[in-house]
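Here is a short report on a two-chain model. Please read it with the structure open beside you.

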Amino acid sequence: MTTPMVLRLTDGTATLTLTDNVSYAIRDMEWRPKVARRLQSQMGGAGLYANVIEEIPLHVRGATGATALANLAAVANMLDQAERWARGEMVAPIILEYLPANSAATDYYKAVVVGAPGDTFWDLSPRMNSDQNHELDGITLYLERRGLWLRQESISYVENGSFEDWDGSDFDDWTVTGMATIDQEMSPVKDGMYSASLEALSNAVIWQDIGLAAGIIQGYLVTVTAWVYLTSGIAKLGAWDGTTFFNEVSETTAVTGQWVQLRVQKKVASTGVRVGIAGDLSVGVNCVIDDIRVELDFAAADFESYYQSAATDNGDVATIDFGSSENVQSPTRLVIQDMRLGTYHRTAYLIVANATNAINVVDAEDLVTSGVWSAPSDSAAYARGGNVLRYTPAATSEVYLQISSSVLTRRLAIFATVRNNSSTTTFRLRLRNRRADTTEYSRPVFIEGQASPRPEPIFLGEIVATAQSEYDLCVQASAASGTIDFDSIVIVSLNVQPVAILAIHEPDGDGYITTDEPIFLAVDHRLLTSPTPRAAIVSLGYYAEWSAQGVRDIFTSARDVEVLLLATGSDASANTWRQVASSAVVQNTFTATRLPGSLIPE
Amino acid sequence: MIDFGLYRRVDGGRLALPSLPVGVTLSHNRRGPSSARAFIPATLAESFAIYNHAGLLHAVAVDGSGAVVWAGRVEDVKIESGGVSVQAMGYARIFNDVPYTALWSSTAAAEWRQVTDNDDADSEPARYQFDTNGRLYIALRKGEEYKDADNTADLTYAAPHGGQRNITAFSASYSVTLPVGWELRLIRCDDDFNNSNVVQTIAGTGSNATGTISQTFTGQARLIVQVRNNTGSDYTVAVDTGTLFVELTDIRVKTTAAIVTASAIAQDILSYVTGINSEQVRTLTTGVIATTNDLHDQLYEDAQPAAILDDLAELEECEWGVGSGRMFYFWPRGNVRKRWFIDAATIELERSLEAIYNSVYATYRADDGRTLRTAVASNSESLAAFGLTRREPVRTPTTDATEAEAWRDARLSQQALHAVRARVTFSRLLDASGIEWPLWSAIPGDTMTIRNLPAQVIGGDEVDNIATFRIDTADYDADRDSLRVEPDTPIPTLITLVAERTQ
């Protein structure tokens, strides 16, 4: 048995199935999906592949001529909305969804539509529809989509959220309290085959408990959504802690006869969160409900699958196991849990490597401890390994610290956490690659004196390590006084592509982050949702763009992806080598959502 | 990959742009990041949000390794069809924001003037004979009666009005023939002649006395060289005019006790401009490497700091600018450089004598204003290579021969070699180890070697403007992933594409 190709345009609310053979049709062999090539542009944010222009011969139909024209207008409206979205207007993106014929895939392949080429969508014939044949052929749908097809793998927190499972009198996994009449319906339906009709007096409610689970974490926000088709009264979507009834509520307006999505946010209680739909206390409700979901604030959209690292000491390398690798570098949304951005924190570096052993953290004091170098203890400041490496300049000449020797040829980015203990001496740092026939230096960085010494992560530069060579850290003091300390030296192999490195700015002095409350910071490609990527706080009830420098669309393909957050400061002091809270090194959990990418849907 | 973002200010929050910037180009010149352009597709309302943003937007481009590859300030915002285009300029532009007025050193006697009785009631210039042509000369006139402690002769020099620096040092050689009881006084005072303080007094002995003056003192705006009768009674000159005189030569006025160096001036300019426009450029002076030439005539009035730094950099064979880390630098050319290697895919290379000068002398001023010329300096290698002497003068403002020779040598080192007109296409930017780097890594000051030229034109890694040249400007186009670089050449009209990456 063959399954036909499916091609849809959707904005998440309305869906036009271009292959339904009712309103639209694409004749066999008439559409030749384009396969994208690598993007020549080096600008981050738009993915790794060039946009392609699809040329889709489309037959538009209708029960009447007017309906056929309305169906064509619906396509035009979608394209128009796509262009508005691409220009940054606050409208939903248009997604082209595709399932090839006989595909084994269970999820649609998706690509966001960014507009259409040329100045017009179509040049319509003056005789269009004149013979009332109810079919408008000769229409070619030109649209520009992002080159990579993406799939959203989903999990569900709400059991039976589409009301597919019905035992004849009750819906599985749902509890009904109060006097309510419920039934399974085949129309109208928003998701799946069925929906649920609900006729409820005042305080009747259908609900289920979502217990604590991976992602459902006490204290963090979840978003609950439900689609409601109202006949009369007022329907309320609620999220509560199981005891305080409906303390977070969203209710329908007086709109009847169409689907409306209700949305409510709730901080997770110690027992989890309870979700349900009820009728208004005074007027009750008569409605159809469908597709009830709980979305995590750190997941990208809907209820996507995600993968988490173990809780890892800040400053150590964490590994996210995706379970399998991807053939194509795929956009990956990353959320840092328990990120601290309070008053005492400096600019931090987030480093993501698409491989294992690509990020190496070296305790500086392990490299050398003789001559001008010493290794005093600084466990009070939570130094990694307990000690730091200290350089005490006896002169202003440059000194060298061998970081490593190499047997491989590779390009490296090197970071370090450093603390200039002098208020007056400036230290010049640079990297050196030394081999038999040449010496190469990176461009220098300067660490100025601080009135109140505090560690900070810095980017030392890039250097090439070649076979039979060594690479060194070069330090030069502006005066033979003061000291500079090093704690972690981080070596990132840039040969493992792609590597993503972002500088996450310390709070602006005028900014709104004044507490040291743990937050979730998401680095999101938003390739299916927004024209631009974003680094943003996704907890604490707001979704503010955070000041992060670096390419914010992260692509991975490996099964195991390494992540390091190089950060300093605590809730009480700037003088800590790692992020510290409540007198302990913060443990970061990194959560990733990867949208498997395909150049050719299978 | 490159991330290009706009920030509310240096270290400020990032602007949430409505769409991805397109058409991003990042340019560098020898002053560091020079310009960056981008177009942001946006609605009219969103365009105006950027257009009307209060304060100075900060533009930063970061590459995938976390390195800041370009940083500057948004200067031009233009709303046009479909969005808004922005042009940012590197922070070296801060040296074009405010004029700089300061005296550092002057040896120009002609800049001294007589003090009138309007300036100082005791001054009676008509009773004396003056000369400021190459010297400060004051002579008593025969038959003139000079009242005691009155009827003074004064020559004065003032630092530029409203300038940043007061006079703190004076030196000269003197020849004094004054009657006993008369005296030569060096006086410092404010610009309006108030708050005068005597720095040094040389008493008349009735016969000629010679020596040197070398004084440092608390800074004030004005210096006065004064001759006066301090005998206790009126004095009538019986000898011929010019018999009793004061003559100062080799005069030098400074605003620093130390020698006047280009690096010191550069540091002061940095302090001055960052004091007015803070935040943009770090005040760190570690990037200023000390120079040692003592500059004798450095007077700036309403001058653009950038132009001053250009002159100083040329004189000292230095380069100046503000790097991507917003740090000011004034250091020898190529001080921080990387070496790049390319394999040319196609090549057009043309040399020309037009720009070559392998023999140079400098002109400078004598004390009396006469134009003097240094000895000619030549580049023997260039002379041998071309079999031709092409000579040019370099005109300097100084009165110091050593300083003039420094100008001469700097010019010679820049112009003795081939000036190259070239167009090379290449596809990969490699380092000495053969590792490929992103194209945006190559910036001015770095050297680039075309390594697949015939063996006879490949030397070491020294700049020869044939196989190896120093990059003067680099323009990176992020959309096309292409790089254009131009060689370092002293001819500003030679705008020649040198290298462009091909896919």
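In chain B of this predicted model, 5 strands form an open sheet. Their order is S8-S12-S17-S14-S15, and the pairing is antiparallel. Strands are DSSP runs of E with at least two residues, helices are runs of H or I with at least four, and both are numbered from the N terminus. Two strands pair if DSSP finds at least two bridges between them. Strands S8 (113–114) and S15 (197–203) of chain B stand at the edges; each has a single partner strand, so one side of each is left without a neighbour in the sheet.

Look next at one pair in this sheet. Strand S14 (residues 182–189) of chain B pairs with strand S17 (residues 222–229) of chain B over 8 bridges, in the antiparallel sense. Opposite Arg185(B) stands Gln226(B) in S17(B).

**Where the chains meet**

How many residues does each chain bring to the contact? Chain B brings 54 residues and chain A brings 52. Contact means heavy atoms within 4.5 Å. The other totals for the interface of chain B and chain A are in the table.

| Item | Value |
|---|---|
| Buried area | about 4,300 Å² |
| Share of buried area on carbon and sulfur atoms | 54% |
| Salt bridges | 4 salt bridges |
| Polar contacts (both residues at pLDDT 80 or more) | 16 residue pairs |

Buried area is the accessible area (1.4 Å probe) that two parts lose on being put together, summed over both. Met1(B), Arg14(B) and Leu20(B) supply 16% of the area that chain B buries against chain A, more than any other three residues.

A salt bridge needs a side-chain nitrogen of Lys or Arg within 4 Å of a carboxyl oxygen of Asp or Glu. Arg552(A) and Asp3(B) form one through their side chains (4.0 Å, N to O). A polar contact is a pair of N or O atoms within 3.5 Å; within protein, one must be able to donate a hydrogen and the other to accept it, and residues adjacent in sequence count only if both atoms are side-chain atoms.

Which element of chain B gives the most to the side that touches chain A? Strand S1(B) does, with 4 residues.

**Chain A**

Chain A has 1 helix and 44 strands. Of its 602 residues, 57% count as buried, meaning under 20% relative accessible area (1.4 Å probe, protein chains only).

**Notes on the model**

Residues are numbered from 1 along each chain as its sequence is written, and chains are lettered from A in the order in which they are written. Local features need pLDDT of at least 70, side-chain atom pairs count only at pLDDT 80 or more, totals for chains, interfaces and linings use all residues, and side-chain values use heavy atoms, with hydrogens and water left out.

Conventions:
Buried means under 20% relative accessible area, exposed over 50%, partly exposed in between (1.4 Å probe, protein chains only).
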